[in-house]
Amino acid sequence: MKRLNTVRIKDVTMPDFSITADGQGLTQGLIMCYLKCRREFMLRLNEWGKESKKITFANGSITHDSLDMIYTHYKSTGKPPSLLSIKAFINGYDTANPSWLGAGHKEEIPKIKAVAYVVVTEYMRYYRKDFETMEIIGAENVFDVIWKGYRLRGKKDLRFRIAGKKWLIETKTMARIDESEIEDKISFDFQSQFYTHAEEVEYKETVCGVIYNVVRNPGHKVGKDETLKAFTGRLRKAVRKDPAHFFKRWSIPYTDADKKEFKKELLYKLDEIKMLLQGKIHVYRNEKNCVTRFQCSFLRACASGKLVGYTKTNKLFCELEPVCLDDKIKTLKHPVKITWKTDNPLFKLTGGKHGKSCEIKYRIAGRKPKEKS
Ligand code: SF4
């Protein structure tokens, strides 16, 4: 029988954690979490999190990761992946990412995968010029830089050049897009400026700004007597009829003055977090941020005072670490052939044998993989 976790929030203390050069460092997500609520920050540093992930995040992550895969493939081969590769990636997503969706949502998986396939393939159609002319210099690049004695970490979606000038692309999947709100917000978006800054620290080259690439998660539902095939056909028709409703881009150039202001404030934030970790300032609840557009995932815990329904398994920085290939392979249903390739992480599996990236082919229903690498 599953034992109920009855850890009390008041018994959780700040872990041994440092953000300076010799410590674990911080990502933009952790800094934003600190700014939102110090209690949430402390819980996250202790690796607490919800047992089952929300379905809205599941939709976004499969689409986002599929787009990452497409650009990574384009960067390494000079052409977009075939539709068969995209389908295989999406079909294998849950096996390759066991923590993607909680057990309670298993019946939703075929629909989520079908929606992701339509959105991703229609995205490629709409932005086909990306795969003809874009000079990509990096996709899915993990960074780890030291600035003013602090360790800054993260992963940039896409780095590219236009007319020799360097830009970044950040992709967001959203269910609701409020254009005027986004336009105002992105002019000083923390994540975009954090990545721009980290890029300049690492490469000592000016970054012009960020393309904010927004993909709408369709809210379409499968009809009562509708088959999945009919549903995907209907969805594809809707996306193709009005692609600009689903795919939007804003370009945000940053001036020297913007960058200067960001750096000044980033330092204030990092100094403050350091003081918190040293016990010089206190952890407290920020009640204003418990329920905003999204509900804080710790709301139940804060209301009850107990971490029932939460687990201490939400490893920090796991999205930045190379995945152990052998572990991943064990989770795949039908891995039959592994082709070792340098710089072609079709399935985003790095590390493992020789420290190289690789391509995994699936044998689906006993058939040989059709695609040749
Ligand atoms: S529920 Fe409110 S107080 Fe609790 S961690 Fe979240 S934001 Fe902080």
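The model is predicted, and local features need pLDDT of at least 70, side-chain atom pairs count only at pLDDT 80 or more, while totals for chains, interfaces and linings use all residues. Residues are numbered from 1 along each chain as its sequence is written.

Around the ligand stand Cys 37, Arg 39, Glu 40, Arg 285, Asn 286, Glu 287, Asn 289, Cys 290, Cys 296, Phe 298, Leu 299 and Cys 302, a residue being near a molecule if its C-beta atom, placed from the backbone, lies within 6 Å of it. Helix H2 (38-45) and helix H13 (299-304) each contribute at least two residues to this shell; helices (H or I, at least four residues) and strands (E, at least two) are DSSP runs, numbered from the N terminus. The shell comprises six nonpolar, two polar and four charged residues, where Ala, Val, Leu, Ile, Met, Phe, Trp, Tyr, Cys and Pro count as nonpolar, Asp, Glu, Lys and Arg as charged, and the others, Gly among them, as polar.

Strand E3 (residues 135-147) runs antiparallel to strand E4 (residues 150-162), and eleven bridges join them; two strands pair if DSSP finds at least two bridges between them. Asn 141 has Lys 156 in E4 as its bridge partner.

Most residues other than glycine have a negative phi. Lys 204, in the loop between helix H9 (190-203) and strand E6 (207-216), has a positive phi of about 50°.
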